[in-house]
Amino acid sequence: MNKHVAPKMNRRAFVIGTAAVGTGLAIGFDLPFGGPTVVRAADGSPEVNAWVVIRPDDTVVIRIARSEMGQGSLTGLAQLVAEELECDWTKVATEFPSPGQNVTRKRVWGDYSTGGSRGIRASHDYVRKGGATARMMLIQAAANEWKVPAAECTAANSIITHTPSGKTTTYGKVAEAAARLTPPADVKLKDPRDWRLVGKGVKRLDTPDKVTGTTVYGIDVKLPGMLNAAIKDCPVTGGKLKSYDEAKIADMKGVKKVVKVGDTAVAVVADTFWHAKTALDALPIAWDEGENAKVSSASIAKWLAEGLDGGPAYVGNSNGDAKAALAGAAKTVEAVYNYPYQNHATMEPMNATALYTADKCEVWCGTQNGEAAFAAVLEASELPAERCDVNKLLLGGGFGRRGQTDYVRQAVLIAKQMPGTPIKLLWTREEDMTHGRYHPVTQCKLTAGFDADNNLTALHMRISGQSILASLRPEALVNGMDPATFAGLNAKGDAPFGYSLPNLLIEHSMRNPHIIPGFWRGVNVNQNAIYVECFMDELAHAAGQDPLEFRRKLMKDHPKHLAVLEAVAEKIGWGNAPPQGIYRGLAHFASYGSYVAAAAEISVTDGTKIKVHRIVAATDPGYAVNPAQIERQIAGSFVYGLSGLFYGGITVKDGAVEQTNFDTYDSMRIAAMPQVESIVMPSGGFWGGVGEPTIGVAGPAVLNAYFAATGKRIRSVPLRDQNITFA
Amino acid sequence: MANLTINGKNFTLDVEPDTPLLWAIRENAGLTGTKYGCGIAQCGACTVHMDGVATRSCGISVAEAEGKKITTIEGLASGATLHKVQEAWIAQDVPQCGYCQSGMIMAVAALLSEKPKPTDADIDEAITNICRCGTFQQVREAIHTIASA
């Protein structure tokens, strides 16, 4: 059976790891007589190359550098390797090479970062080459053994056949010999038309353990002698830990130690997490909350509103002269929208387990970026790279949150104060909700101008609010501008605007409150799609035109955008009257290299209760590696996005986050789940992302349907603030 | 000390009586399939069966659980034979990250033992677990598949 192999987590693995100096934890090298170096997996099986290990029983272990957080790219990446390898898919297993191994081996596995819907689209080429190279070496090894030309041999289903003689052998039998060959220089990939496994909705490889409770997430790590830590960081970002009264809890059951973590946090280490948390709750702590304690959601909103009308702004996209065209317009339409902070609220709260000894620091955790987690271990432990490693586990949700490494750093800082004892740090849900890396807050003023014939001649879109890159990746700013702010609004690139207008100006007044922003599934697509697509709906109505026809006229030069929009319109029956009491809305957008659209059908009771009956969604990701998983990502992204739209919204009081758990930051349940009908329509020739692009279109489609139902335009998120809920 | 019966086995655990059952199961009995998600009985990730009833184990104490028959995700299968819900979850590829699925599966198994052919309304009422990945469409389809088998 297919299986994902978790890293070993016992003391023995650690000892073996430390013995294999300089070669990482699970990998050893040997030097056979006369041949080149063969790299071996932990069980002694040879690597044909870095991506492919083959066991004598023909099991193929495919190495996966990117993280698996539910999005399915572990399976998709394995499909890409297996497609070129021509191996038996029923005998494929996967494993994560550790970031430390990647450093030791000069980044043979490339980038580990798993965000921006890049898992497959940024590595499809080299992982397929990994599979193709291994196949060529396996065939060559068989040909050498048979003393025949490799060109006379073919491979399929892990079996190599010498066509003229009919002789066969298996991958498992020739893997040792193949591993000793020099890799071919010229590797050709299959034409996508010849794919047999890629493009098929095969089952995920990581499911069986997930239904029996045996999958080991970070929170489930067990190490001999391990203790557990609970932590409280200063409630106000920018504040510091002033003091705590350790004596008050010293006698509480299970408590081993109380430690300061950096300048801002305190942790209790105990035998169990329950004891650690109970003692921490009883620990008197004084904070120095600093200047940020004066900030509230109201003060942030006021500051952002000031940015809508004047002052400096970065221009993300412009053509013509929008301001002049608006001044001369026969009619103008203006609206102000806003979108709040959102927390990731992964089901598995942040956690990491660290073991620090005099000569090594090792961490076990779920992370979306193994290399960033590794860098955090180096920095916090102050040990060199060859003495550190990170064991990557499956993630209980990521959504962008686990691309940050704050929790890894904390775990190491605690473990460092208790050398030789493994420490599992687990955040409570309350810590997780109040110390997020929140989807940033923005407002947006949109102004449009029509000529006397009701043609749209100008659009000015001015966003005021927070930049993610300014906080998390300032090196990625371009002359101070955050290009990511303009997701889906760009003139070109992988997140292009879908309309052509004679006069266009899209700009950003950057205002960065102290709340730390983060990449929240879909990132800036979430609000930008609402701003653009709800306003386009407003404009269609202002012009007295059908929302689809109105858009179509502006989309002539954007055939990929238009194709997905027309696909959903056709499937939902746009143009035919919906059933009694049902109202429809449309939206489309492009981001992360993919083109997506949604059409929603809703009913509304008492003006405040929305039942989303059905959403038809379309995506053109260029190539569709696993359509079954793409469908799940579409439906899942709608749950995440609509949860944020209806229930979300992180608010700030006295500088601190107010929401503490799912009772105050709720999430959609099955009762509110619409029927999602997905149209996966890959047009080929490019590689777009899957996990994120669709999240943006469900919201505006539902909001536009709400307008169709009620005549009321919703311009503020979350809907709970307007007493609007799921029916 | 608490005496608990979990998956047919007796456990004598060194815990205070007010310890939430969730943590006794995870940390003291060592059964980590049952997940912590919120600690306030909101999300359902910690759902177990107590005398056959779906119960959020973070919200009850070990004292309340003593004398009851507790089943966790590890005890749902009969030996090597998976429960029909687990089988359906594999057949329909339901889990994404999978973290909430132990609780989801336990909640669904309890629903089906009470109502073998639940309507959509029954499902909406009984299954209130949070899944941030958004597997609800597959969950509903899998339940109906089991019910119609």
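1. Conventions. Residues are numbered from 1 along each chain as its sequence is written, while chains are lettered from A and ligands numbered from 1 in the order in which they are written. As the model is predicted, local features need pLDDT of at least 70 and side-chain atom pairs count only at pLDDT 80 or more, whereas totals for chains, interfaces and linings use all residues.

2. Confidence. The model scores ipTM 0.99 and pTM 0.96. Chain A averages 95, with 95% of the residues scoring at least 70.

3. Helices (H or I, at least four residues) and strands (E, at least two) are DSSP runs, numbered from the N terminus. Where pLDDT is low, the predicted coordinates should not be read in detail.

4. Domains of chain A. The assignment, which is automatic or from a database, gives domain 1 (3-210), domain 2 (218-290 + 350-426) and domain 3 (297-342 + 438-726) of chain A. The C-alpha centres of domain 1 and domain 2 of chain A lie 35 Å apart. Their contact takes 24 residues from domain 1 and 29 residues from domain 2. On the domain 1 side, helix 1 and helix 3 (99-104) of chain A each supply at least two residues, and helix 3 of chain A gives the largest share, 4 residues.

5. Domains of chain B. Chain B is assigned domain 1 (2-75) and domain 2 (84-147), with 21 Å between their centres, taken over C-alpha atoms. In the contact, 15 residues of domain 1 of chain B meet 12 residues of domain 2 of chain B. Strand 3 (47-50) and strand 4 (53-56) of chain B are the elements that give two or more residues to the domain 1 side; the largest share, 3 residues, comes from strand 3 of chain B.

6. Helix packing in chain B. Helix 3 (residues 84-91) and helix 6 (residues 136-147) of chain B pack at an angle of about 125°, their axes 9 Å apart. That makes helix 3 of chain B oblique to helix 6 of chain B, as angles under 35 degrees count as roughly parallel, over 145 as roughly antiparallel, 65 to 115 as roughly perpendicular and the rest as oblique. B:Lys84, B:Val85, B:Ala88 and B:Trp89 in helix 3 meet B:Ala142, B:Thr145 and B:Ile146 in helix 6.

7. Contact between the chains. Chain B contributes 45 residues and chain A 44 residues. Helix 1 (21-28), helix 3, helix 4 (101-114), helix 5 (120-126) and helix 6 of chain B each supply at least two residues of the chain B side. Helix 6 of chain B provides the largest share of that side, 5 residues.

Methods:
Axes fitted to C-alpha atoms, helices over the stretch in contact; angles between N-to-C directions. Contact = placed C-beta atoms within 7 Å. pLDDT = per-residue confidence, 0-100.
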